[in-house]
Amino acid sequence: MSDFYTLKGYQLNDHTQITSSMEDYLEMICRLQKDQDVVRISELADKLHVKPSSASKMVSNLKFLGLVIFERYGYIKPTTQGKTIGAYLLYRHDVLNQFLCLINGSDNETEQVEKIEHYLNKKTIKNIEKILKNKNMM
């Protein structure tokens, strides 16, 4: 029988440096940058419904990890590593949204996706994508 932990216990066992909140910010930065060259703190804060001071603090954390380029009161741009991680976060979000829309017969499941996306590993996301592809082949 495998060991069981609380959710917090599993999170503590995960030794990645990027938190769920950081993922949300990086995902939104990359989402916004698909349509424009740079992102401003005020725009990021508005899209995530947080205060600009909170967005600035989180972006500073992402900068410390080397995931974004950011100067105070300036533009935010993902680094090469940030773009790589961000591309996966956007992919994960899209796969989960498609899957939940399929099983719920809806056209948008953003709220549920945001609540669960941080807890599924890459293998699970890949397997959900396979299910979606097989469904579309039928």
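Start by selecting helix 3 (residues 41-48) and helix 4 (residues 52-64); the two pack at an angle of about 110 degrees, with axes 8 Å apart. An axis here is a line fitted to C-alpha atoms, for helices over the stretch in contact, and angles run from 0 to 180 degrees between N-to-C directions. Helix 3 is therefore roughly perpendicular to helix 4. The cut-offs are these: under 35 degrees is roughly parallel, over 145 roughly antiparallel, 65 to 115 roughly perpendicular, and the rest oblique. Helices (H or I, at least four residues) and strands (E, at least two) are DSSP runs, numbered from the N terminus.

A note on the source: this is a predicted model, so local features need pLDDT of at least 70 and side-chain atom pairs count only at pLDDT 80 or more, while totals for chains, interfaces and linings use all residues. Residues are numbered from 1 along each chain as its sequence is written, and side-chain values use heavy atoms, with hydrogens and water left out.

**Stop 1: where helix 3 meets helix 4**

Show side chains. On the helix 3 side, pick Ile41, Leu44 and Ala45; they meet Pro52, Ala55, Ser56 and Val59 of helix 4. Contact means heavy atoms within 4.5 Å. By class, six residues of this contact are nonpolar, one is polar and none is charged. Nonpolar covers Ala, Val, Leu, Ile, Met, Phe, Trp, Tyr, Cys and Pro; charged covers Asp, Glu, Lys and Arg; the others, Gly among them, are polar.

Now click Ile41, in helix 3. Is Ile41 buried or exposed? Ile41 is buried, with a relative accessible area of 12%. Buried means under 20% relative accessible area, exposed over 50%, and partly exposed in between (1.4 Å probe, protein chains only). Apart from neighbours within four places in sequence, Ile41 contacts Pro52, Ala55, Ser56, Val59, Phe70 and Ile76.

**Stop 2**

Select His49, in the loop between helix 3 and helix 4. Most residues other than glycine have a negative phi. His49 is not a glycine, yet it has a positive phi of about 55 degrees. His49 counts as exposed, at 75% relative accessibility.

**Stop 2**

**Stop 3**

Rolling a probe the size of a water molecule over the atoms shows where empty space is left. To find the second largest pocket, select Met28, Arg31, His93, Thr110 and Glu114, which lie nearest its centre among 14 lining residues. About 280 Å³ of space lies in this pocket. Helix 2 (20-33), helix 3, helix 5 (80-104) and helix 6 (110-116) each give two or more residues to the lining. Which element gives the most? Helix 2 does, with five residues. The lining has three nonpolar, five polar and six charged residues.

**Stop 5**

Select Glu117, in the loop between helix 6 and helix 7. Glu117 counts as buried, at 0% relative accessibility. Leaving aside neighbours within four places in sequence, Glu117 touches Asp24, Glu27, Arg92, His93 and Leu96.

Then pick Tyr119, in the loop between helix 6 and helix 7 (122-137). Tyr119 is partly exposed, with a relative accessible area of 45%. Tyr119 and Ser20 are 99 residues apart along the chain, but their C-alpha atoms are separated by 8.9 Å.

**Last stop: the whole protein**

Zoom out and colour by secondary structure. The protein has seven helices and three strands. Along the sequence, the pattern reads α-α-β-α-α-β-β-α-α-α. Of its 138 residues, 36% count as buried.

Key
1 Å grid on protein atoms, 1.4 Å probe; cavity = no way out; pocket = protein on both sides within 12 Å on 5 of 7 lines; lining within 4 Å. Points joined across faces, edges and corners; volume = space filled by probe spheres on them.
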